[in-house]
Amino acid sequence: MIYKVFFLFLIVWSAVGQEQSFDEAQLLGKKNMALEGAEYQLLSEVIQAFEKMKKAALLVGIDIKVVSGFRSYERQRAIWNRKYKANRQAGLSPEENIQKIIEYSTLPGTSRHHWGTEIDIIDGTIESQGDVLLAEKFHEGGPYEPLHIWLEENAATFGFICAYPDQLQRTGFNYEPWHYSYAPLSRPLYRAYLDIDLKRVLTDSDLEGSSYLTKHFLDRYKTSHIMGIHPALK
Ligand SMILES: [Zn+2]
């Protein structure tokens, strides 16, 4: 009996230690995954965890509402190209343009939203006006301050962690108190993602500014932005 238990332990231990392999298209938002949800889409396990968190928050009068879930490569490219064209019209150089966009937005193929594990959330009980995803709305006196406090105390219990917290030692994207990641699934995806050769996958003639995405730039972007996340998600 003891022998059997030990053997079982060995199997479990070796499975945990192994890096999971994923389809590259899945990591880049180029694959039709089995997603669920009407208004927004996520992996089934993420929806289940989210529903549990939503229920718990409702008990204290907060109605957590997802404003963005899964986003495909094409969708992210459309966002990128729209911003790039607007910045170019405003007179920005290609280098300035790219720097400005990556303060908040990702290069298509590099968004965590491609994985079906990420959510941008607000409090649905509050009438929203204008742009809802602004950091000040989640802080003192802001409409989403109670939501923010509740999430800081409880989200991790349900597996959700803020990907871009307000930490001085973090690099990359600006602080996003609304962006939560379902860690049990996003952690292995992140680890697999780090092996991708960004230069190869971002050679896309329909992507504005792609000729300025040099290997040097992309190596730096990977370190500062893709890896600039909450340590608990690594
Ligand atoms: Zn987000």
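Glutamate 118 counts as buried, with 25 C-beta neighbours inside 10 Å. Here a residue is buried if 20 or more other C-beta atoms lie within 10 Å of its own, exposed if 12 or fewer, and partly exposed in between, with C-beta atoms placed from the backbone. The model is predicted: local features need pLDDT of at least 70, side-chain atom pairs count only at pLDDT 80 or more, and totals for chains, interfaces and linings use all residues. Residues are numbered from 1 along each chain as its sequence is written.

Glutamate 118 is found in strand 4. Helices (H or I, at least four residues) and strands (E, at least two) are DSSP runs, numbered from the N terminus. Glutamate 103 lies 15 residues from glutamate 118 along the chain, and the C-alpha atoms of the two are separated by 18 Å.

Strands pair through backbone hydrogen bonds, either parallel or antiparallel. Two strands are taken to pair if DSSP finds at least two bridges between them.

Strand 6 (residues 176-182) pairs with strand 4 (residues 118-123) in the antiparallel sense over 3 bridges. In this pairing, aspartate 120 stands opposite histidine 179 of strand 6. Cysteine 162 has tyrosine 180 of strand 6 as its bridge partner. Phenylalanine 160 stands opposite tyrosine 182, also in strand 6.

Burial was then examined for these two strands. Of the 7 residues of strand 6, 6 are buried, so strand 6 is largely enclosed by the rest of the structure. In strand 5, 5 of the 5 residues are buried, so strand 5 is likewise largely enclosed. The loop between strand 5 and strand 6 holds aspartate 166. Aspartate 166 is partly exposed, with 13 other C-beta atoms within 10 Å. Proline 177 is 11 residues from aspartate 166 in sequence and 7.9 Å away in space, C-alpha to C-alpha.

Helix 3 (residues 44-58) has 15 residues. At 1.5 Å a residue it should span 21 Å, and its end C-alpha atoms are 21 Å apart, which agrees. The expected span is 1.5 Å times one less than the number of residues in the helix. Val46, Ile47, Ala49, Phe50, Met53 and Ala57 of helix 3 are buried. Seen down the axis of helix 3, the buried residues fall within an arc of 165°, so they line one face of the helix. The arc is that of the directions from the helix axis to the C-beta atoms. Exposed residues Ser44, Glu51, Lys55 and Leu58 sit on the face of helix 3 turned away from its buried side. An α-helix has 3.6 residues a turn, so residues three or four places apart point the same way.

Helix 4 has 17 residues and reaches 24 Å from its first C-alpha to its last, close to the 24 Å expected at 1.5 Å a residue. Its buried residues are Tyr73, Gln76, Trp80, Tyr84 and Asn87. Down the axis of helix 4, these buried residues fall within an arc of 65°, so they line one face of the helix. The face of helix 4 turned away from the buried side carries the exposed residues Glu74 and Gln89.

The axes of helix 4 (residues 73-89) and helix 5 (residues 94-101) come within 10 Å and cross at roughly 130°. That makes helix 4 oblique to helix 5. Angles under 35 degrees count as roughly parallel, over 145 as roughly antiparallel, 65 to 115 as roughly perpendicular and the rest as oblique. Axes are lines fitted to C-alpha atoms, for helices over the stretch in contact, and angles run from 0 to 180 degrees between N-to-C directions. The crossing of helix 4 and helix 5 is right-handed. Right-handed means that the near helix is turned clockwise from the far one by less than a right angle, and left-handed that it is turned anticlockwise.
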